[in-house]
Amino acid sequence: MSKNCKGVKELFEEVIYQGFCTGCGACITGCPYIVTHEGRIILLDKCTVVEAECYEHCPRTYTDMNALSHEIFGVPFSDQEVGVTLDIYMARTKEREIGEKGQDGGTVTTLLALALQEGMIDLVVCTKMDEDKVPRGYLARSREELLQCAGTCYEASFALESYRSIPRHSTEKVGVVGLGCQLEALTKIRQYPPEKNVSPDNIKLTLGLFCGWALSPHVFHPYLRENYDVSRVVKFDIPHTPGYSFDVHTKSGIKSVPLDEIRPYINPACQYCWDMTAEFSDVSLGSAGSAFPGWNTVVTRTKVGADLMELVKRKGLLETQALPDGRLAHLKSVALKRKKEALKSIVGKTGNKNDLLYVGNLPQRMADRLLEIP
Ligand SMILES: Cc1cc2nc3c(=O)[nH]c(=O)nc-3n(C[C@H](O)[C@H](O)[C@H](O)COP(=O)(O)OP(=O)(O)OC[C@H]3O[C@@H](n4cnc5c(N)ncnc54)[C@H](O)[C@@H]3O)c2cc1C
């Protein structure tokens with residue numbers, strides 16, 4: 001355990017009751033007392049452990065960014081807008097079946113399916129929507145199961161919960177797809193391996209998803225049920241159109257509402273999140289920056305990620321091209337804005353520029369730049 005570790009009481013006092021919980025699901029991975037109920041984290045019973053994994057692994061308790069960076073990349077925390085990068089370009093799947101189900105370019109599902117096929121991983125910790133479109137953590141072990149998970153659910157999914165269900169002594173090689181907060185938690189799990197769960201040494205691949213914000217399930221889902229026949233919903237989307245809309249694709253057409261209609265359901269915790277591009281991953285993917293609908297922006301960050309991208313291209317499963325002029329600058333400016341806004345919100349909460357809550361041990365130059373300290 002780290003020197004900052006505390007117990008579940010402090011997890012609730014410092015994170016959950018303060019509105020910082022991102023819904024990543026990491027606290028549920030190590031403990032039988034913490035569960036989710038209708039989109040909230042609930043404590044079932046008193047726990048007297050004073051240094052607990054739920055606190056240690058939470059991405060919103062003190063997080064040593066330098067240590068996390070060393071864990072994944074072997075270098076100090078990058079002061080670049082989108083973190084450590086080897087390459088950045090656009091991609092989309094060439095597989096029709098994946099293209100039809102994928103959210104943007106279907107690159108995530110294509111990479112994961114190939115990694116399974118090649119034996120690089122045996123299962124994927126991912127997110128699947130049930131019949132009522134409630135997102136849940138899921139372990140996918142086949143291409144068919146991955147296809148069932150394709151597409152974006154804009155609600156927080158608690159996906160790391162499913163990490164717990166991997167048997168403790170399993171030797172299966174694990175892939176994980178998740179948001180920046182989930183990968184921060186996963187990196188903390190790698191730093192401080194849980195006692196009763198599968199060894200994080202089994203994690204062989206991480207794919208991160210860009211994320212501007214996620215919706216709070218406990219408020220958004222009632223809205224969804226009230227306004228849509230959820231059993232007929234086939235896709236959610238926020239297309240890159242001027243003005244932005246939230247589109248719900250159903251079996252009988254698309255219902256589009258202004259994005260402002262769903263903004264009230266955004267998880268308030270997301271205003272404190274500073275990692276738009278899921279920096280602690282082998283490859284991160286989104287659509288921001290790609291310029292065209294139906295494409296992904298792909299950021300390779302590690303050799304593992306770059307090798308997988310090379311393999312998928314060699315197999316002819318993906319089409320790639322350079323980002324058009326100006327799009328990388330755009331992506332960087334959006335990511336930088338996120339960092340600045342997050343730190344502003346954090347300092348607004350603490351009232352102290354030296355207390356950045358969970359964002360710990362930043363290079364001074366970077367902290368000053370983000371806080372606009374001359
Ligand atoms: C909450 C959320 C907000 C996002 N915001 C942005 C944004 O602002 N800008 C941007 O460029 N991109 C954003 N994305 C990423 C984008 O929606 C796509 O996931 C990404 O472009 C990959 O597309 P794809 O076609 O390759 O994915 P697919 O091949 O369709 O695979 C999608 C994968 O996403 C996983 N997934 C679905 N829902 C969730 C969830 N709630 N939590 C964790 N994993 C999930 C599934 O397990 C699946 O494996 C967001 C994603 C989520 C989940």
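Reader: In which loop is His 240 found?
Author: This is a predicted model, in which local features need pLDDT of at least 70, side-chain atom pairs count only at pLDDT 80 or more, and totals for chains, interfaces and linings use all residues. Residues are numbered from 1 along each chain as its sequence is written. Helices (H or I, at least four residues) and strands (E, at least two) are DSSP runs, numbered from the N terminus. His 240 is in the loop between strand S9 (233-237) and strand S10 (245-250).

Reader: Is His 240 buried, partly exposed or exposed?
Author: A residue is buried if 20 or more other C-beta atoms, placed from the backbone, lie within 10 Å of its own, exposed if 12 or fewer, and partly exposed in between. His 240 has 13 such atoms within 10 Å, so His 240 is partly exposed.

Reader: Which residues does His 240 touch, not counting those up to four places away in sequence?
Author: Contact means that two C-beta atoms, placed from the backbone, lie within 7 Å. On that basis His 240 touches Ser 287 and Pro 293.

Reader: Which strands stand at the edges of the open sheet of 8 strands?
Author: Two strands pair if DSSP finds at least two bridges between them. The order is S6-S5-S7-S8-S12-S13-S4-S14, with mixed pairing. Each edge strand has a single partner, so one side of it is left without a neighbour in the sheet; these are strand S6 (135-140) and strand S14 (318-321).
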